[in-house]
Amino acid sequence: MKTQLDEIFRPEGGREQLAGLSSMSNEELDKLPIGAIRLDPRGKILAFNRTESTLSGFAASAVLGKNFFTEVAPCTNVQQFAGRFREGVAKKDLHAVFPYHFNLPQVFDVTVTLYYHKASDTVWVLVRRD
């Protein structure tokens, strides 16, 4: 079933929904049917919603404040993922959608959207299980 959030996982879609994420409360983020992780420009986890906890097997309380790329999901510390993140932060412009294979405690294929939010100087990592 197609939802409004499907636009977030299209290369040029969902900009309004993406921009609106930063104004959502933690409770609202937890209600999303997709994984949502908010990172500071160095990759420190600022928010980690309930769906992402279910997908990854990590409790939000265990990962908040940690570096996503080195301490939580080292499988993402590659050019395809962390490289895009760093380049986008440096340019202060990032909207990338790509397939990815997570190898965490659980192994699964996903579609990822990386989105830089200029007003808050943060990056959203959005995850939809394929």
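**Strand S1 and its neighbours**

I started at Gly 35, which stands opposite Val 127 in S5. S1 and S5 are antiparallel and share five bridges; strands count as paired if DSSP finds at least two bridges between them. This is a predicted model, where local features need pLDDT of at least 70, side-chain atom pairs count only at pLDDT 80 or more, and totals for chains, interfaces and linings use all residues. Residues are numbered from 1 along each chain as its sequence is written, and side-chain values use heavy atoms, leaving out hydrogens and water.

Next I checked S2, which runs antiparallel to S1 and is joined to S1 by three bridges. There, Ile 37 has Phe 48 as its bridge partner. The hairpin of S1 and S2 has five residues between the strands, and Gly 43 takes a positive phi near 100°. Helices (H or I, at least four residues) and strands (E, at least two) are DSSP runs, numbered from the N terminus.

Is S1 enclosed or open? Five of the five residues of S1 are buried, so S1 is largely enclosed by the rest of the structure. Buried means under 20% relative accessible area, exposed over 50%, partly exposed in between (1.4 Å probe, protein chains only). Gly 35, Ile 37 and Leu 39 cover one side, Ala 36 and Arg 38 the other.

**The core**

I then looked up the largest nonpolar core, which has 28 residues. Such a core is a set of buried Ala, Val, Leu, Ile, Met, Phe, Trp, Tyr and Cys residues joined through side-chain atoms within 4.5 Å. S4 gives the most, with five residues.
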